[in-house]
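Please read the points below with the sequence and the model open side by side.

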Amino acid sequence: MHLTLVVLGALTVTALAALGLVAIVTGWLLPWHRSRVLRPRLSGLGTLLCAVGAGLFMFLGPFMGPPHGERGDVAWGGWVTFMVGLGVGFLAQRPGRTPGPTKTAS
């Protein structure tokens, strides 16, 4: 069962990282994600951060052994990186600042 979880985790992290890189390089998003995202490259960065954070957390934490693996501090750093990626992905869905009125010299 452990090997199955490791393989599924590796495939998931790899797919997330690939989708993040594609979004950063080309701006392409999955069809059901396009309607909400206003900045696809920023969304790709968030997805890539989530993939890196999830990989660090899974493979240096729970998959390494009880209770937090041998490098629990790095695993928790991966969790924080995952949360930062979620925040960046949220920012990609919000509109950016609009330029204010220009000041003219009188």
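1. Helix 2 has 21 residues and reaches 30 Å from its first C-alpha to its last, close to the 30 Å expected at 1.5 Å a residue. The expected span is 1.5 Å times one less than the number of residues in the helix. Helices here are DSSP runs (H or I, at least four residues), strands are DSSP runs too (E, at least two), and both are numbered from the N terminus.

2. A word on the basis of this note. The model is predicted, so local features need pLDDT of at least 70 and side-chain atom pairs count only at pLDDT 80 or more, while totals for chains, interfaces and linings use all residues. Residues are numbered from 1 along each chain as its sequence is written, and side-chain values use heavy atoms, with hydrogens and water left out.

3. The chain has 3 helices and 0 strands, in the pattern α-α-α along the sequence. Of its 106 residues, 21% are buried (under 20% relative accessible area; exposed is over 50% and partly exposed is in between, with a 1.4 Å probe and protein chains only). Among contacts (heavy atoms within 4.5 Å) between residues at least 6 apart in sequence, 59% join residues at least 24 apart.

4. Which residues of helix 2 are buried? They are Ser-43, Gly-44, Gly-46, Cys-50, Ala-51, Gly-53, Ala-54 and Gly-55. The buried residues of helix 2 pack against helix 1 and helix 3.

5. Leaving aside neighbours within four places in sequence, Ser-43 is in contact with Leu-29, His-33, Val-37 and Ala-92.

6. Ser-43 also belongs to the lining of the largest pocket, where Leu-16, His-33, Ser-43, Gly-46 and Thr-47 lie nearest the centre among 19 lining residues. Helix 1 (2–26), helix 2 (40–60) and helix 3 are the elements that give two or more residues to this lining. Helix 2 gives the largest share, 5 residues. The space in the pocket is about 330 Å³. On a 1 Å grid over the protein atoms alone, a pocket is an open set of points with protein on both sides within 12 Å along at least five of seven lines, and lining residues have an atom within 4 Å of a point.

7. What classes of residue make up this lining? There are 10 nonpolar, 9 polar and no charged residues. Ala, Val, Leu, Ile, Met, Phe, Trp, Tyr, Cys and Pro count as nonpolar, Asp, Glu, Lys and Arg as charged, and the others, Gly among them, as polar.

8. The structure holds 2 aromatic pairs. The rings of Trp-76 and Trp-79 have centres 6.0 Å apart and planes at 75°, so this pair is edge-to-face. Rings of Phe, Tyr and Trp (its six-membered ring) pair if their centres lie within 6.5 Å; planes under 30 degrees apart count as stacked, over 60 as edge-to-face and the rest as tilted. Both residues lie in helix 3 (residues 72–91), 3 residues apart, about one turn of the helix. Trp-76 is partly exposed at 41% relative accessible area, and Trp-79 is partly exposed at 39%. Phe-57, Trp-76 and Trp-79 form one aromatic cluster.

9. Finally, Phe-63 sits in the loop between helix 2 and helix 3. Not counting residues up to four places away in sequence, Phe-63 touches His-2, Leu-5, Val-6 and Met-58.

Note on methods:
On a 1 Å grid over the protein atoms alone, a cavity is a set of points where a 1.4 Å probe fits but cannot get out, and a pocket is an open set with protein on both sides within 12 Å along at least five of seven lines; lining residues have an atom within 4 Å of a point. Grid points are joined across faces, edges and corners, and a volume is the space filled by probe spheres set on the points.
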